[in-house]
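Have the sequence and the 3D view open side by side as you read.

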Amino acid sequence: MLDKVESEIRRIALEAGRAIMAVYERDGGSGDIAAEAKADDSPVTEADLAADSIIHAGLTAAFPDIAIVTEEQAESQEGEPPERYFLVDPLDGTKEFVKRRGDFTVNIALIEQGRPVMGVVLAPARRRLFRSLAAGGAVEEETDALLHPVDGSERPISVRKPDEAALVIVASQSHRNAETEEFIARFKVAESRAAGSSLKFCLVAAGEADLYPRMGRTMEWDTGAGHAVLVAAGGDVIEHPSGRMLRYGKPGWENPHFIAYAPGVPL
């Protein structure tokens, strides 16, 4: 079954990415994109809704017996979460999208018994697709301008061995706060990079960064797919400060503070 999940979520993410980029590139790709405020004051655009519709329809057709939890429809989910479900953020990093900054992603994860077991993260404006494999491990693929995978571009990715004296840290572009800065100050840092959306998990997974701390509010659909990719690439995600594994199916779908990292970071 996981082989089918791997191929279908890749295909569906690319289809959703094309719908997103149609909005992103409208009007010559200039100026802010129109957005409305949801009940929690977070922005939503027509691209969020189009991608959500594509992903929900695609997953329902391919896997009619597996529940789906998406950011745009989470309020419809009542009671205890099922043991297996798809967790979806159709457009993670809407603030980056609205400002036409490229660090937004399409996130699709499969959750089983509170753990992300498969995931795909597509950064359509960056033409980068990250995904876990049913057989184990993780890969990155390049796409062309029409979001078709480039032949021969698939490559295995894995976390790197951190240099404790020269860590590369990646943190939120829109939500970096004093608590995050205080946490980062504990380490010997060679470079601190800003990035948006779940792309931060993938930079650690691809060996381009060592540590991603998040000391702020996130929802499970923000993290599930990136978490799956990072674990498949040899990394981990833990709650902060408890050190417990970050799990899914929590009340309200809200995460505690967490740390995503490559083994060897001196936490």
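E15 is partly exposed, with a relative accessible area of 36%. (Buried means under 20% relative accessible area, exposed over 50%, and partly exposed in between, using a 1.4 Å probe and protein chains only.) You'll find E15 in helix α1, residues 2-24. Helices here are DSSP runs of H or I with at least four residues, strands are runs of E with at least two, and both are numbered from the N terminus. I54 sits 39 residues away from E15 along the chain, yet their C-alpha atoms are separated by 7.4 Å.

A word on the model: it is predicted, so local features need pLDDT of at least 70 and side-chain atom pairs count only at pLDDT 80 or more, while totals for chains, interfaces and linings use all residues. Residues are numbered from 1 along each chain as its sequence is written, and side-chain values use heavy atoms, leaving out hydrogens and water.

R127 is in the loop between β6 (115-123) and β7 (128-132), and is partly exposed at 41% relative accessible area. L147, in the loop between β8 (138-142) and β9 (155-157), is buried at 2%.

Then there's a cis peptide bond, running from H240 to P241 with omega near 10 degrees. P241 belongs to the loop between β14 (236-239) and β15 (254-255).

## D210, tucked away

Is D210 buried or exposed? With 1% relative accessibility, D210 counts as buried. Look for D210 in the loop between α5 (199-205) and β12 (211-214).

The D210 side chain makes a polar contact with the R160 side chain at 2.8 Å. (That term covers a pair of N or O atoms within 3.5 Å; within protein, one must be able to donate a hydrogen and the other to accept it, and residues adjacent in sequence count only if both atoms are side-chain atoms.) Leaving aside residues up to four places away in sequence, D210 touches R160, P162, A166, L167, V168, V204, A260, Y261, A262 and V265, where contact means heavy atoms within 4.5 Å.
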